[in-house]
Amino acid sequence: MYINSCSQGALSDSVRAAYDRYLDDWDEHGAPWEYWVGQLEAARRSVAGLIGADEDEVAVTTSVSAGLSAVASGLRFDGGRSKVLVSDFEFPTVGQIWHAQELHGAVVEHVPAEPDGTIPLERFEAAIDEQTALVAVTHVCFRNGSRIDVKGVAELAHERGALVFVDAYQAVGSLPVDVHELDCDFLAAGVLKYLLGSAGLAFLYCRPELVGQIAPTATGWFADRDIFQMDIHDYSPAPTARRFEAGTPPIPAIYAGIAGIELMQEIGIAETEAHVRELNAILGDGLDELGARVVTPRAPEQHGALVCVASSDAEALVAELAKEGVVTSSRDGNLRISAHCYNTAEDVRTVLELLARKRDLL
């Protein structure tokens, strides 16, 4: 039983068939570069529809790291705004890339969490000031499932002239994400988890009025105004968010990513959120009966699909569950349980029964 979508979505028939189509197309077309560029644009359309953006606002990348690096490489930390605020819920990629910008004049500060596993708006309100260039926030924390009020952070940041970069990897596919509703300036995510795609495909949204203001130095030929011009004497980035792309796109992963996105849209992301919320209610009640300590905030608006449980030996607990055919994962000494559209109440009860047998590891 697979209940680990926070790490990677389960392999679907649709995604497996997409890889077969990739191989068939390669076999049929030989060297189908123009055809594959068409697949890249199809991925852009799929992502745009998923997050409520226009196609020109979306870059297709190989990872969140690639998209974030492109943005960071094009920012200038001068004019009195050199500070980058990074929430303490970020994935290592985010913290590491922003700290790397200290070599170019950025001053990185962290916004700490409260003991209850949340980062309330008051923390951001105290930290964002007239020196802040950008605030980096994760939508849902990979370590404890806590959810940040992104829209509230964006309102505070914009009032004070700062930009907002959102890492939505643990949110997209598990709950509806709309870049205009969040009012963010940048949003990055990938298809590996709740979008049921495979490794190697991610995307970046950029608010359209910002695109022309950022000239990335982390770039590549697919970021050029005309990718088929092949001019080695010029840097002319695309006038759209395509300027944040790089080299050869991850064509096999694009096939899989489109299939995963289409599958999740067919199932319904809002419907999936409601379904998982019901499963997590059963899980939470059962964990309380076991006397387990849930480190994920309990209020619905404060958490995503992921539920984390404190463990005396999380790695051993993951291994014990795996012996029983149940796939989970761990972070920061916590067991991570992450249901998705394909999980059932019976799955959750099975997990609870196994945890009852392993109470010594809770």
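## How to read the model

Because this is a predicted model, local features need pLDDT of at least 70 and side-chain atom pairs count only at pLDDT 80 or more, while totals for chains, interfaces and linings use all residues. Residues are numbered from 1 along each chain as its sequence is written, and side-chain values use heavy atoms, with hydrogens and water left out.

Helices (H or I, at least four residues) and strands (E, at least two) are DSSP runs, numbered from the N terminus.

## The seven-stranded sheet

Let's start with the open sheet of seven strands, ordered S1-S7-S6-S5-S4-S2-S3 with mixed pairing. Two strands pair if DSSP finds at least two bridges between them. At the edges are S1 (58–61) and S3 (107–111), each of which pairs on one side only. From one strand to the next, the twist averages 20 degrees.

Inside this sheet, S6 (residues 186–190) and S7 (residues 202–206) run antiparallel and are joined by five bridges. If you want a pair to look for, Leu187 has Tyr205 in S7 as its bridge partner.

Helix H2 (residues 33–51) lies across S1 and S7 and runs at about 125 degrees to S1. Axes are lines fitted to C-alpha atoms, for helices over the stretch in contact, and angles run from 0 to 180 degrees between N-to-C directions.

H2 also meets helix H9 (residues 251–267): their axes come within 9 Å and cross at roughly 30 degrees. The crossing is left-handed, meaning that the near helix is turned anticlockwise from the far one by less than a right angle. Residues making the contact (heavy atoms within 4.5 Å) include Tyr35, Trp36 and Leu40 of H2 and Ile254, Tyr255 and Ile258 of H9.

## The three-stranded sheet

A second open sheet has three strands in the order S8-S10-S9, with antiparallel pairing. S8 (306–310) and S9 stand at its edges with a single partner strand each, so one side of each is left without a neighbour in the sheet. Here the twist averages 35 degrees from one strand to the next.

Five bridges join S8 to S10, and Ala310 stands opposite Asn334 in S10.

The buried residues of H11 are Ala314, Leu317, Val318 and Leu321; buried means under 20% relative accessible area, exposed over 50% and partly exposed in between (1.4 Å probe, protein chains only). Seen down the axis of H11, these residues fall within an arc of 100 degrees, so they line one face of the helix. The arc is that of the directions from the helix axis to the C-beta atoms. On the other side of H11, Glu315 and Lys323 are exposed. Cover for the buried residues of H11 includes S9 (329–331), S10 and H12. After H11 comes Gly325, with a positive phi near 85 degrees.

In H12, the buried residues are Asp347, Val348, Val351, Leu352, Leu354 and Leu355. They fall within an arc of 165 degrees seen down the helix axis, so they too line one face of H12. Their cover includes H10 (269–290), H11 (314–323) and S10 (334–338).

## Ser14 in helix H1

Ser14 lies in helix H1 (residues 13–29) and is partly exposed, with a relative accessible area of 31%. Leaving aside neighbours within four places in sequence, Ser14 is in contact with Ala259 and Leu263.
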